[in-house]
Amino acid sequence: MRPGVAVVTFPGSNDDGDAALALESLGAEAVAVWHAEPDLPDVEAVVLPGGFSYGDYLRCGAIARCAPAMEAVRRFADEGGLVLGICNGFQILCEAGLLPGVLRPNRQLEFVCRDVRLRVEGTASPFAARCEPGQELVIPVKHGEGSWYAPPELLADLEARGRVLLRYAEDCNGSVGDVAGVTSEAGNVLGLMPHPEHAVDPLLGSTDGALILGALVDAARDRTPVAA
Amino acid sequence: VIFRAVIRPKDDILDPQGEATQVSLRKLGFDVREARVGRVVHVDVAVDDAEEGRRQVERMCAQLLANPLIEVYEVEAAGR
């Protein structure tokens, strides 16, 4: 049984195709969802892909989070559904308040597009179930506004609760705490700036992205109760 | 009624755009201590009552036009 994973396309999304291909290669059935749809199809997980939704007007993700599909994603997440936001998808989830913090222009004011080393900070999350604690992953980033920010007290609280799942193991964009990926309080929502869907085939230089997307597919297949 | 929402980064928030702007202004010969880059949104609210209009623009700022984690905003009257 191939678990259904919705991939939501906003105007300006451009990694929806790669996300669908990667999910299919890992055993899921990718289901395309247009941003104007008020309801999600019957799926076990949702992916918000990368891109430049609405031209990044106002702030990255700020316009997209008002889309009808995002209300459906919010209900899905509130019910414990698995939601993964990649790059622009991470920005949208932060703007929607489904994840903490906000993504700001890179500290170096340059678009960064290269493989980066990441550290997996814990494996309690369903998204890290295929990783070892402290494992280093190589996954590409490509963003101009990926500098994650949260006030110091919020960052400390997130770290204490194990919600910082991925950290850059090298200087990338000026994110506070070198945060590359954070989870929701219930753990069923993950946002990350790196692109796991671009690292699922040896031809692309790394297959480490398959560890994260594969874990999502595993969890979707099991419809695993969300880890607290 | 028309309002101008002025949104800018909080004082303690790094503003790389502002820093780059300051550097460029210095290159042009201006002795600039600091530059901060924000945005201005003009909103024509479809209500007659100016106070009600202002309250609505304040709510717009809180919900969408600004991100309160990193930005502050001011709402100014800008005509009818």
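A salt bridge (a side-chain nitrogen of Lys or Arg within 4 Å of a carboxyl oxygen of Asp or Glu) joins R107(A) to E19(B), with 3.2 Å between the closest N and O atoms. The model is a predicted one, in which local features need pLDDT of at least 70 and side-chain atom pairs count only at pLDDT 80 or more, whereas totals for chains, interfaces and linings use all residues. Residues are numbered from 1 along each chain as its sequence is written, chains are lettered from A in the order in which they are written, and side-chain values use heavy atoms, with hydrogens and water left out.

Across the interface of chain B and chain A, the rule finds two salt bridges, and seven residue pairs are in polar contact, both residues being at pLDDT 80 or more; a polar contact is a pair of N or O atoms within 3.5 Å, of which, within protein, one must be able to donate a hydrogen and the other to accept it, residues adjacent in sequence counting only if both atoms are side-chain atoms. On the side of chain B that touches chain A, the elements that give two or more residues are α1 (16–27) and α2 (50–65) of chain B, helices being DSSP runs of H or I of at least four residues and strands runs of E of at least two, numbered from the N terminus. The most is given by α1(B), with four residues.

Contact, defined as heavy atoms within 4.5 Å, involves 16 residues from chain B and 15 residues from chain A. The buried area, which is the accessible area (1.4 Å probe) that two parts lose on being put together, summed over both, is about 1400 Å² between the two chains, and carbon and sulfur atoms give 63% of it. Of the area that chain B buries against chain A, 39% is supplied by P16(B), L64(B) and L69(B), more than by any other three residues.

Within chain A, helix α2 (residues 68–78) has A69(A), M70(A), A72(A), V73(A), F76(A) and A77(A) buried, where buried means under 20% relative accessible area, exposed over 50% and partly exposed in between (1.4 Å probe, protein chains only). These residues lie on the same side of α2(A) because they cover an arc of only 155 degrees around the axis, the arc being that of the directions from the helix axis to the C-beta atoms. The elements of chain A against which the buried residues of α2(A) pack include β1 (4–9), β4 (82–86) and α3 (88–95). Just after α2(A), G80(A) takes a positive phi of about 95 degrees.
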